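I opened this entry to keep track of what I looked up. The notes go from domains to salt bridges to strands.

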Amino acid sequence: QDRVKSWINPTGFDVQKLRGLLMGNILSSTVGEVCAYRLLLQDIRGGELPSYVPDILIVSMSALEAIVTPFVSWWGFKNRRLLMISYTLMVMLTTTSLYFLPSAAVREESEFCDAANLNNDLSYLGVSARSIIRLIFIIFSIVAFQLTRVVTWTHGIGYSDEYAPERTSVHYGALLLVRVLILVIGNRLVAELLENLQPVQISLVLFGYVLNFFKFFCVLPKHAPEVDGVQKTQLPVIGRSFPLSMARVLSLSLVLKQSMAAGLLAAALWGIGYSQVQIAKVKFLLAPSAKLGLAEILLMMFIIFPVALAGVKFSVPVLKEYCKKKALKQIVIMTTFTFVFLVLLITLPKCDRGRVSGLGDYYYDHPQCSFSCGCKPTWSEFNPVCVTNNMTTYLSPCHAGCSSSETINGVLVYTNCSCAGGGPALLGACSVTNCDNQFLLHLILFVVVVTFSLLAFQAQGVLILKTVDPRDKSVATGLFLSVVVMISFVCGHLLFMSIRVATCSWYEGGECHLQSDLFPTVVGFTSCFFALLSALISVVSLVLWKVYDNNDEGSTNL
């Protein structure tokens with residue numbers, strides 16, 4: 001009996017085990033958020049929600065997160081163990097409710113000319129009772145995932161840095177990696193799983209939470225832990241009210257500057273990252289795919305090594321004492337590199353798309369040769385095919401006038417195409433070879449941008465932890481996250497959404513299927529502008545730090 005009690009109420013504290021739990025909760029929450037937004041697309045595809053609903057939810061849910069995060073990061077600091085266990089239990093119950101989510105409406109689609117199915121149209125038909133119920137379930141799940149992520153991040157990192165601060169940079173980098181990599185590649189992976197394996201996807205998220213729920217009892221002590229044989233003491237409760245903690249954090253100009261800089265950099269990364277599918281369509285005539293190639297996976301995995309290396313560099317035993325000046329220098333360098341590679345990302349990868357029927361620089365007109373087909377847009381209407389007899393690309397099999405398909409030696413061939421004189425068309429744009437190579441260059445540069453951004457975020461997050469009063473670590477992290485979310489996912493997303501609306505060249509069936517040639521340039525240089533502002537703010541912080549370098553008290557109030 002005593003042995004069982006020691007399991008669920010340990011006195012020692014292993015920070016690496018806690019890091020594993022935090023990563024698990026961040027992983028499950030991020031995958032859960034991605035799943036929730038993908039579930040919305042099922043209703044849009046069924047015609048029961050308008051296509052702009054995901055954008056509205058991203059902005060509104062992010063605004064809610066930005067508002068409540070400072071308070072959530074403060075409330076419950078007296079018993080963080082109970083707090084994280086309670087939120088994990090809450091999100092477990094919310095995730096379980098998704099098993100009872102009504103199935104989405106399904107409409108038949110055909111990509112061929114003269115499709116007999118009159119429902120071959122993704123236009124919004126109106127909200128049904130089923131879609132309202134699904135929307136309520138999804139909104140509640142998003143809120144649960146967000147709150148659990150915020151509590152895990154702010155209180156978990158605060159607890160870790162309070163009792164075992166030597167390797168905070170490593171732990172913070174690990175959480176960043178989980179969050180960003182899932183956002184970058186998880187959306188495409190989840191898309192394929194949700195089409196056929198929705199219960200499996202929900203079960204995986206739920207399993208992660210259940211596992212962590214029981215592990216929290218075995219990893220986090222009820223009281224101040226013993227670390228490496230030394231009994232730690234809890235920080236005093238006096239002076240830790242929410243107004244006092246916020247006032248102390250807000251009085252530190254360095255914290256505010258770096259929160260703003262991180263928010264602008266996050267907006268730059270979000271803008272270019274969220275637009276990747278549309279950029280691939282416009283610049284390279286590549287249709288989005290849920291399947292990740294080996295090259296893409298390897299490139300994404302490359303990000304792990306620089307972030308891990310930076311974490312070790314700013315931790316014991318490599319760095320005996322955390323140096324804020326070195327952290328500021330790293331932020332300036334990494335943000336500047338992000339800006340430079342963003343410029344290269346926009347200007348270097350180019351390919352000759354060849355002849356594309358109906359496509360101009362700023363508009364798209366239905367090809368005359370297939371006008372009689374009466375093509376109605378499907379969910380994936382952008383699906384280029386190549387008519388090889390005149391090497392002309394058409395943006396979909398229906399727009400090429402194709403009425404059937406067959407597989408020859410493992411190759412999908414569309415047949416009876418009116419735009420090919422009744423001949424065949426091959427899947428993929430005619431420029432696929434040249435554009436594939438250029439897209440690989442684009443992907444490499446994008447991975448470099450993500451890597452430098454993560455290195456800057458890592459340094460900024462840890463710098464703020466080391467700058468504030470030890471009593472305010474969680475609150476400072478919460479304020480930092482709040483500013484980042486408000487700038488990037490609220491203001492930034494609204495700006496990039498307006499760019500998508502203004503530069504749409506093919507709008508049909510209530511959805512934009514293809515942006516104009518102006519879109520990659522406008523999005524790219526908007527991201528560059530945000531990254532440049534972020535770099536300038538960090539440069540100002542570094543210059544002021546050097547000016548006040550001899551005054552330790554003044555150096556945190558720059």
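I began with a definition: buried area is the accessible area (1.4 Å probe) that two parts lose on being put together, summed over both. The model I worked from is predicted, so local features need pLDDT of at least 70 and side-chain atom pairs count only at pLDDT 80 or more, while totals for chains, interfaces and linings use all residues. I number residues from 1 along each chain as its sequence is written, and side-chain values use heavy atoms, with hydrogens and water left out.

**Entry 1: domains**

I looked up the division of the chain, with bounds that come from an automatic or database domain assignment. Domain 1 covers 13-115 + 129-224, domain 2 covers 256-349 + 439-557, and domain 3 covers 368-428. Taken over C-alpha atoms, the centres of domain 1 and domain 3 are 40 Å apart.

I then checked contacts (heavy atoms within 4.5 Å). Nine residues of domain 1 touch 13 residues of domain 3. How much area is buried between domain 1 and domain 3? I noted about 940 Å², with 63% of it from carbon and sulfur atoms. On the side of domain 1, Glu111, Phe112 and Cys113 lose the most area to domain 3, together 60% of what that side buries.

**Entry 2: salt bridges**

I used this rule: a side-chain nitrogen of Lys or Arg lies within 4 Å of a carboxyl oxygen of Asp or Glu. Across the interface of domain 1 and domain 3 I found zero salt bridges. The whole structure has 13. One pair I looked up is Arg134 with Asp43, where the closest N and O atoms are 2.8 Å apart. Arg134 belongs to helix α5 (residues 129-163) and Asp43 to helix α2 (residues 15-45), so this pair ties together parts that are 91 residues apart in sequence.

**Entry 3: strands**

Helices (H or I, at least four residues) and strands (E, at least two) are DSSP runs, numbered from the N terminus. Two strands pair if DSSP finds at least two bridges between them.

I traced an open sheet of six strands in the order β3-β5-β4-β8-β7-β6, with mixed pairing. Which strands stand at the edges? They are β3 (355-356) and β6, each with a single partner strand, so one side of each has no neighbour in the sheet.

Within this sheet I followed β6 (residues 404-408) and β7 (residues 411-417), which pair antiparallel over five bridges. Glu406 has Val413 in β7 as its bridge partner. β6 and β7 form a hairpin with two residues between them, and Asn409 in the turn has a positive phi of about 55°. I also noted β4 (residues 385-387) and β5 (residues 392-394), antiparallel and joined by three bridges. There Cys386 is the bridge partner of Thr393.

Last, I looked up β9 (residues 504-508) and β10 (residues 511-515), an antiparallel pair with four bridges. Trp506 has Leu514 in β10 as its bridge partner. This hairpin has two residues between its strands, and Gly509 in the turn has a positive phi of about 65°.
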